[in-house]
Amino acid sequence: MIICSNCQHSNVSGTFFCVECGAQLDGVETLTTQAITQDQISDELKRKGTRPEPPSSPINSWISLHLMDSGKILPLASRNEFTLGRLSEGQPIMPDIDLTPYQAYASGVSRLHVVVKREANRIIIMDLGSSNGTYLNGRRLNPHAEETLNHGDVIALGKLKIQVLLRNI
């Protein structure tokens, strides 16, 4: 174990930065970077065999959410239904997809804001009676009414804008 000199948190051996406060851990060698040529990459790939496939969304992911303000893309797993919302301290309500790290509270996202689900060949979104509303391509959705989602649609949970990226289903 490595003890952080900043916050005294116990970190697993081999850790470079404290998982609690982010400080660089004492006794860890300073990391350096170096330039790598295309020839070095090609040689390494030849030694290892085939060229690896670039990582993409999870194999079973049928939908990804592109958070437009941050540029972050959240690939969702193989379940057929997800609730989106935010956590609230002291509340037992927990959405499947927690948008708290993406300024959800400041954007007006409710604790349980919407549900997105896959039914046969359709993707459906339904506002769960959110306080600040859900918008699909600029049009406010009626609470508890299902609407069809298409690839590239932009939904807004309050002011949090998300582009829907669908894989062929």
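How many residues of strand S3 (residues 63–67) are buried? The points below start there. The model is predicted.

1. **Strand S3.** S3 spans residues 63–67 and is mostly covered. The count is 5 of its 5 residues buried. Ile 63, Leu 65 and Leu 67 point one way. Ser 64 and His 66 point the other way. Both groups are buried.

2. **Partners of S3.** S3 runs antiparallel to strand S13 (residues 160–166), and 5 bridges join the two. S3 also runs antiparallel to S4, with 3 bridges between them. In S13, Gln 163 stands opposite His 66. In S4, the residue opposite His 66 is Ile 73.

3. **The S3–S4 hairpin.** S3 and S4 form a hairpin with 5 residues between the strands. Within this hairpin, look at Gly 71. Gly 71 takes a positive phi near 80 degrees.

4. **The six-stranded sheet.** S3 belongs to an open sheet of 6 strands. The order is S4-S3-S13-S12-S9-S10, and the pairing is antiparallel. S4 (73–75) and S10 (139–140) stand at the edges. Each has a single partner strand, so one side of each is left without a neighbour in the sheet.

5. **S9 and S12.** Further along this order, strand S9 (residues 134–136) meets strand S12 (residues 154–157). They run antiparallel and are joined by 3 bridges. Leu 136 stands opposite Ile 155 in S12.

6. **The five-stranded sheet.** Another open sheet has 5 strands, in the order S6-S5-S7-S8-S11. Here the pairing is mixed. Which strands stand at the edges? They are S6 (97–98) and S11 (147–149). Each has a single partner strand, so one side of each has no neighbour in the sheet.

7. **S5 and S7.** Strand S5 (residues 81–85) pairs with strand S7 (residues 114–119) in the antiparallel sense. The pairing extends over 4 bridges. Phe 82 has Val 116 in S7 as its bridge partner.

8. **Thr 83.** Thr 83 lies in strand S5. Is Thr 83 buried or exposed? At 17% relative accessibility, Thr 83 counts as buried. The side chain of Thr 83 reaches the backbone nitrogen of Asp 96 at 2.9 Å. Leaving aside neighbours within four places in sequence, Thr 83 is in contact with Pro 95, Asp 96, Ile 97, Leu 112, Val 114, Val 115 and Leu 128.

9. **Asp 96 and Arg 79.** Asp 96 also takes part in a salt bridge, with Arg 79 as the partner. The closest N and O atoms are 3.1 Å apart. This pair links distant parts of the chain, 17 residues apart. Asp 96 sits in the loop between S5 and S6, and Arg 79 in the loop between S4 and S5. Asp 96 is partly exposed, with a relative accessible area of 36%. Arg 79 is also partly exposed, at 44% relative accessibility.

10. **Salt bridges overall.** How many salt bridges does the structure hold? There are 5. Side chains of opposite charge can pair when their charged atoms come close.

11. **Lys 117 and Glu 146.** These two residues form a salt bridge, with the closest N and O atoms 3.1 Å apart. Lys 117 lies in strand S7 and Glu 146 in the loop between S10 and S11, so the pair ties together parts that are 29 residues apart in sequence. Lys 117 counts as buried, at 15% relative accessibility. Glu 146 is partly exposed, with a relative accessible area of 38%.

12. **A salt-bridge network.** Which residues are linked in a network of salt bridges? Lys 117 and Glu 146 belong to it, together with Glu 119 and Arg 122.

13. **Glu 147 and Arg 139.** Glu 147 forms a salt bridge with Arg 139. Their closest N and O atoms are 3.0 Å apart. Glu 147 is partly exposed, with a relative accessible area of 22%. Arg 139 is partly exposed too, at 42%.

Methods
Residues numbered from 1 in each chain as written. Predicted model: local features only at pLDDT ≥ 70, side-chain atom pairs only at ≥ 80, totals over all residues. Heavy atoms only, no water. Pairing = 2+ DSSP bridges. Salt bridge = Lys/Arg side-chain N within 4 Å of Asp/Glu carboxyl O. Buried < 20%, exposed > 50% of the residue type's maximum accessible area, 1.4 Å probe, protein only. Polar contact = N/O pair within 3.5 Å; in protein donor to acceptor, adjacent residues only side chain to side chain. Contact = heavy atoms within 4.5 Å.
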